[in-house]
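Dear colleague,

Please find the structure below, followed by a short account of what was found in it.

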Amino acid sequence: MGCNDEQSVDDRTGYVRLQDIPALNQSHCRIREPAVVENKINELINGGPERMQVVSDFDYTITKQRTDDGTAVPSSFGIFNACKSLPDNFKAETDKLYHKYRPIEIDPHMPIDEKVNYMVEWWTKSGALASGFAFDESEIDQMAGKFKHALRDRTHELFLLLQRFQIPVLVFSAGLGNSVVSVLRQANIMHTNVKVVSNFLKYRNGMLDGFQMPMIHTFNKNETVLDGHEYYELVHTRDHIIVMGDSLGDAGMADGVPSSSHILKIGFLFEHVEANMEKYMNTFDIVLVDDQTMDVPLALLGLIERRHQLRHPHENIAATAAANVAAAPNQLSAAI
């Protein structure tokens with residue numbers, strides 16, 4: 001299974017099988033090729049945190065697709081659109097765009113090539129609407145604060161574990177970056193290892209002037225657009241990647257990463273489940289149907305952590321003790 005110099009460790013700890021991971025044995029967890037996924041998981045475990053990075057969508061991936069009481073969770077653009085000082089016609093016009101283009105974005109039958117043109121139209125028109133008026137970004141913070149608790153269950157534990165091992169996390173969002181950063185900060189998960197690449201507001205002469213370029217929409221989110229970005233330099237040697245998203249376009253977020261040998265793709269499916277199931281199963285390694293938790297990625301990172309502890313017991317004693325004290329309120333050790 002591994003290199004010869006790792007054989008003794010592998011013999012001692014054992015090959016991890018899917019049936020030994022409870023989070024992957026729930027009825028809402030669908031895996032088309034169990035043997036392939038099992039192999040990828042073991043490669044990630046053996047590679048350790050040093051080779052890992054996580055690339056995640058934000059809207060309805062870090063945030064929930066629905067809350068327990070049925071309350072709608074707004075998108076990052078929805079948070080912006082709810083700000084009270086925006087011009088009267090702004091919300092009406094953006095709502096029209098949403099109701100026109102969102103069904104296209106999630107249409108299970110339209111080819112992605114065809115969707116791209118519509119997404120560019122949507123983002124271009126949205127940028128034109130968000131132009132020519134003054135805006136105080138503190139309003140975004142006020143609105144985002146209302147939804148800092150709308151993250152998937154156990155998101156804090158996951159991000160704390162990623163921070164502990166300094167595993168880079170790219171939050172790659174086709175939404176509004178200003179809202180994304182505000183939610184992450186107010187939820188206390190915008191750690192030093194977390195970077196956000198998204199569409200950010202642009203200003204000219206004190207007035208809003210649309211969005212900064214390059215435009216990022218659902219179907220062009222991949223690391224090829226990060227050439228020259230600080231994150232690209234940070235992760236170019238990390239070839240073990242967990243990708244998480246809720247749309248088919250999210251599956252390609254790690255495209256363009258040099259030497260990426262093992263990429264595990266996790267898809268959160270909520271809308272048009274039956275119509276989308278086949279495409280999601282063909283696109284993602286693991287498909288989670290109406291799962292509003294981070295249980296699966298947390299379980300996988302927990303396995304990586306435990307293997308790392310076996311390999312580096314002396315290094316880990318002090319670090320783990322300190323981390324467990326910090327994580328006590330979240331009961332991290334119990335979660336993994």
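Which residues does Ile41 touch, not counting residues up to four places away in sequence? Ile41 touches Leu18, Ile21, Leu24, Leu264 and Leu300, where contact means heavy atoms within 4.5 Å.

The model is predicted: local features need pLDDT of at least 70 and side-chain atom pairs count only at pLDDT 80 or more, whereas totals for chains, interfaces and linings use all residues. Residues are numbered from 1 along each chain as its sequence is written, and side-chain values use heavy atoms, with hydrogens and water left out.

Ile41 is among the residues with the most contacts inside the largest nonpolar core, which has 82 residues. Such a core is a set of buried Ala, Val, Leu, Ile, Met, Phe, Trp, Tyr and Cys residues joined through side-chain atoms within 4.5 Å. A second, separate core of 9 residues includes Leu269 and Met277.

In helix α5 (residues 112-129), Lys115, Met119, Trp122, Trp123, Ser126 and Gly127 are buried. These residues are on the same side of α5 because they cover an arc of only 125 degrees around the axis, taken from the directions from the helix axis to the C-beta atoms. On the other side, Asp113, Asn117 and Ala128 are exposed. Buried means under 20% relative accessible area and exposed over 50%, with partly exposed in between (1.4 Å probe, protein chains only). Helices (H or I, at least four residues) and strands (E, at least two) are DSSP runs, numbered from the N terminus.

An open sheet of 7 strands has the order β1-β9-β8-β7-β2-β3-β4, with mixed pairing; two strands pair if DSSP finds at least two bridges between them.

Notes
The expected span of a helix is 1.5 Å times one less than its number of residues.
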